[in-house]
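Trainee: Could you show me how to read a few features of a protein model? I am new to this.

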Amino acid sequence: MRRVASFLLICISITIFMLLIPGNAGADTLRGIYGAPADLSDDSPFRKGATAESSGVNAVFVSQKNDAVRRYKEQGFKVFISVNAFGGKRAWDKYPDSRPVKANGKKLGEDKSDKGQEGTCPTHVKWREDRLRHIKHLADVLGKDQGIDGIWLDYIRYPGFWETQKPEIPDTCYCERCLNKFQADRKIIIPPGKIAGEAASWINKNCPYEWMAWKKEQINSFVRDVKAILAVHPEKITLGLFTVPWRKGEKNNAISYLLAQDSFLLSEIADVVSPMLYHKMCGRDVDWVGRMTQYYKETAGCSVWPIIQSHDLNPDEFKKAAENCGKAGADGMLVFSCGGINDSKFEKKKMWEALRDFEPQENLIINPGFEPKQGSVYPKGWRPGESEIDPALKSVFTVKKAEEIDKDENMRNFYSLGISSGYGNDGKWTGSIKPSGCRDDEEYIFSGLFYRDNWKNSVYPSVTLFGEKYYLDNHWKTKIFQPIKVHVKCREKADAGSVVFANENPGETFYVGAPKLARHHSFSNKAGMNEGERKQQFYKNFFPIGVYGADMDNLAEIKRLAVNTVIIGGEGEKLKKTIEKCHEIGLRYFLSVPHDPDRLKPYLDYLMPPTFPGDKMKREILRRHDAAFYVNDEPELTSFPANKASDIFELIKSRIPEAPACMAVVRPSNCREYLEAADFFMMDQYPVPNMPMTWLSDSIDRASAIAGNERITAVIQAFGGEAYESAGWPRIPTWREMDCLAFLSVVHGSRGIFFFTFSEIGKTKKGRESLGRVVGRLNQVYPWLLENNLDIKVPVDMTSGNRFDPSGRPSVHCCVKAKGEKRLIMAVNSIGTRVEAQIGASAAAGNGKNAFFTEVFSGIKFPVIDGRISVKFDPYETKVFLSDK
Ligand SMILES: [Zn+2]
């Protein structure tokens, strides 16, 4: 258990929280068109009953003119206008000091390479005031008497032309005003005498994160100012934003560091974000539209209405883009632009019709809002459990608004169902799934917000969907609603029409809100890695035997135990020294990275500074063939957003593709959420002394089935004692127990072993000895660890009285490995008693030629009789048998 400081958790939760309340799909599906002509000719597609209406288009963006607005309002459309924030060159004439200054000290547009670049410095006070006055004017003039329905800010960011396949974004703005404001706002002092160019490199070296965050604030504050204007306006005017469709994980996080536009932060201010998903312009395929929509939807705090391109698309591709927005969960959709449809060289009618194919995702749960119906305390369609007995402790069912449970101010309000479970076996709420719901073999995602006051071991709620029950054992957060997702398959089940929330823990209380069950679509990721590339350089002829808890002071001692890999944290100078020490003594290292793509960029820049022409020395601190990355730690228990996790992964892989990225996962089914966020999953189940050893191996099997069997490694419990007693680990495992876990994981296909943690087991001489003993045994068979297990099931007959693990399976687990003709059988007794077994050695070796097998650790030769060897095992003992031929 690596603990995150709780304040961090809270910050994360607030963001995740926004995850949200399912969009209201249905009759008012928003389909909008940008650039509708100001005039309505007689044959205009926007006349009542004409093409636009039959295509389901119900909103238009028009020019900032009163008569245009009125005309479209008369035809029944929602009318939006778009307003430039910091784009163009117009400001440069009026306010010469509004022209942004680049990192090299030159004004934007001065260098030849700046061709096509434009934009205004976002800190220019007068320009901001002008813009805000203009927006207020538009709201007053166009917004009165049910005029415009919304204002969308365009170019709400720093300069840079992005609408191309290989954009080059200038690094701005280092004007005097910006440098002064930054220093004043952030209480940072740039050494005096630094002119623009020098100041930029000083900032880059000393406070890149603070500078980026401050830049974002220049943008966010403008949006807040606009929001304040609209908030006091008598008519409701929606505030939308057009945003650049870049992930933080791509282009070295240019969206944060250069453009300073954070759609997720902005989504907490605006009502709608509209990422400009112009796939063809950006050189992407049409699936990218769906993938990006999912990216924004996962954690945006407001509605997401992507805007897709109509230019240069044939009707089929256009239709597909529209469809993908809906399948990915968009709340509405906009099209850029009307001209693109009208100028199409394809049949216009078909282009218009394609818009019908945008349909928001359907929530299959009936009445997910839980609003109590009039005259009843219970929501329509939901019924609490009924008990057949009259127990001393009765279940209590409640319907409460979220704010009554969790006072967090950042929270949206919604109704939730509560269950305080009694002993009557009735702690459940039952609702219904739409009859259209269950389609065979389709994948669905259930999501909901779950609340608990305190966490207790083995106490979790469950949800039953399509007749199958799912324990929500990653519900770890307390005193806040935690978003939880479950991937479900629809199978033929008797009660496929109902959804059940259950709490089978007498005396405990859970709440659930905002449930959503929707069909899930996976969009292909051509830019992503293929399986072949996962066979990393790092793992070539290498099997990591590693420890957590390494630092500068214990590296030498760790190395002496024959450990070959360490997991190291920290950053800056201290990290550099630790890495250098690893190089010196010959240890590979997993770098435990910041869990935030905005923090990660400067972290990586420090380890791998960009090289400039003329650099003579190698500046990289890490060695590419020694490094790997530890990207997250049990992310499922805090519902760490998958979009953020994959941003972290992509940032690393784009800088150093050969280094593997790994994350620890304790709930194997949740690997599903993070498949695109790690190369390897580390199973960290800690069973000693209260759980069977097979908890680890079962988890490996389950994770392998989801992620593929070459992507799993294991973390072995090497801690315990008084400090951990209340959490269920009252003692440290014996060397035999650690040995059992380590070899059991190999038998189940683990591609690496890490001990958690040297900072505990390394404290005592006895601890170091037992760790050294296990590591020594692993090293004794090291060449064999590099070989994958053969796909052969070894016949095992248990012959002793004690023979089964707690799940009723033979206690001895075996695997076979091969090197040429030689075969190696690894056999692990997974229980704490002596057992005896007959192992089908000939069947495993694939031949009958072996007269005996030599046990590697003892040197004892085991004769093969009737194709079998008879073996006695001590509690938790591993034996390794090598064929003689
Ligand atoms: Zn500036």
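Mentor: Along the chain, the donors of the zinc ion are spaced as C-x51-C-x1-C-x2-C; donors are N, O and S atoms within 2.8 Å of the metal (3.2 Å for Na, K and Ca), and water is not among the atoms, so sites may look incomplete. This is a predicted model, where local features need pLDDT of at least 70, side-chain atom pairs count only at pLDDT 80 or more, and totals for chains, interfaces and linings use all residues. Residues are numbered from 1 along each chain as its sequence is written, and side-chain values use heavy atoms, with hydrogens and water left out.

Trainee: Which residues coordinate the zinc ion?

Mentor: Cys-121, Cys-173, Cys-175 and Cys-178 do, each through SG, at 2.2 to 2.3 Å.

Trainee: Why is the arrangement around the zinc ion tetrahedral?

Mentor: Four donors count as tetrahedral if all angles lie between 85 and 135 degrees. Here the 4 donor atoms subtend angles of 94 to 119°, so the arrangement is tetrahedral.

Trainee: Are Cys-173 and Cys-175 buried or exposed?

Mentor: Buried means under 20% relative accessible area, exposed over 50%, and partly exposed in between (1.4 Å probe, protein chains only). Both Cys-173 and Cys-175 are buried. Ala-742 is buried too, with a relative accessible area of 0%.

Trainee: What is Ala-742 in contact with, leaving aside its neighbours within four places in sequence?

Mentor: Contact means heavy atoms within 4.5 Å. With those neighbours left aside, Ala-742 touches Ile-716, Ile-753, Val-774 and Leu-778.

Trainee: How far apart are Ala-742 and Pro-234?

Mentor: They are 508 residues apart in sequence and 68 Å apart in space, C-alpha to C-alpha.

Methods
Four donors count as tetrahedral if all angles lie between 85 and 135 degrees; four count as square planar and six as octahedral if opposite donors are over 155 degrees apart and all others between 65 and 115; anything else is irregular.
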